[in-house]
Amino acid sequence: MREVYTDQSYIHEHYHRNDDSIWDPNDEQDVQHSKDQYKGRRYWFAHAIQGANPRVEEPTLPADKPGLVPGAMWAFCPQKKGDHQGDYHKVFNGENIVAWFKNQLLPYLLSPSLIMLDNAKYHYAYGPDVPKPAKMKKQQCAEFLASKGVEFDPSMSAVELKQLVKKYIDDNIPIEIIRLATEKGHKVLFTPPYHSDLQLIELVWARIKGNVGRQYNNESTLELVYQHL
């Protein structure tokens with residue numbers, strides 16, 4: 001299968017960097033050249049890289065060569081209305097990441113792929129038809145469990161029933177990203193927590209953000225950051 005690495009990151013409007021770093025810069029490494037109120041102006045982005053097509057011995061076509069996955073780039077500024085999807089405060093959440101995965105990544109994977117993701121919570125979202133146990137009432141939990149043939153004691157508390165519902169979902173229903181990938185003949189793997197060194201796309205982020213940061217000057221604007229990105 002063809003290896004694919006995908007990840008999400010961000011860059012501040014006033015991010016400036018002179019030195020290369022192996023890993024993706026974070027808030028502590030950002031040098032702000034403006035007042036604190038501008039710190040929230042940033043571009044968030046998602047992308048994916050892929051290895052060479054393993055079914056082709058000597059790739060010559062661009063689609064078979066390693067590099068960025070064409071069409072998978074998604075960048076938005078949460079402060080610009082109409083420029084993003086989902087919750088303004090959460091920026092990346094299960095709903096908008098699943099939409100990106102479904103509409104901007106999977107359609108551009110032209111061969112069976114092994115898709116590597118990190119352990120961000122928003123990667124583990126279920127589909128819209130899967131109930132959320134925390135928001136269910138006791139009667140709803142009982143009806144759901146009965147419909148799935150799960151035995152339970154009617155005298156159980158709402159908390160206990162919610163735990164049973166959650167266990168059933170975790171054991172029997174795949175998260176939406178895995179379901180969507182499997183339908184297209186792909187497989188999903190999650191890297192272990194705190195092992196960003198296993199996510200090769202982190203090296204791409206460091207290169208890209210370094211290039212953007214070195215182009216910063218006192219006349220740089222948010223629009224220029226986007227163009228450089």
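Is His 12 buried or exposed? In this predicted model, His 12 is buried, with a relative accessible area of 1%. You'll find His 12 in strand E1, which covers residues 2–12. Its side chain has a polar partner: the side chain of Arg 42, at 3.2 Å.

Now for the chain as a whole. There are six helices and six strands, and going along the sequence they come in the pattern β-β-β-β-α-β-α-α-α-β-α-α. Of the 229 residues, 40% are buried. If you look at contacts with a separation of 6 or more, 72% of them join residues 24 or more positions apart.

H4 takes in residues 176–183, and its buried residues are Glu 176, Ile 177, Leu 180 and Ala 181. Viewed down the axis of H4, these buried residues fall within an arc of 130 degrees, so they line one face of the helix. The general rule is that an α-helix has 3.6 residues a turn, so residues three or four places apart point the same way. On the face of H4 turned away from the buried side sit the exposed residues Thr 182 and Glu 183.

| Element | Residues |
|---|---|
| Helix H1 | 94–105 |
| Strand E5 | 113–117 |
| Strand E6 | 187–190 |

Just after H4 comes Gly 185, which has a positive phi of about 85 degrees.

Notes:
Residues numbered from 1 in each chain as written. Predicted model: local features only at pLDDT ≥ 70, side-chain atom pairs only at ≥ 80, totals over all residues. Heavy atoms only, no water. Helix = DSSP H or I, 4+ residues; strand = E, 2+ residues; numbered from the N terminus. Buried < 20%, exposed > 50% of the residue type's maximum accessible area, 1.4 Å probe, protein only. Contact = heavy atoms within 4.5 Å. Polar contact = N/O pair within 3.5 Å; in protein donor to acceptor, adjacent residues only side chain to side chain. Arc of directions from axis to C-beta.
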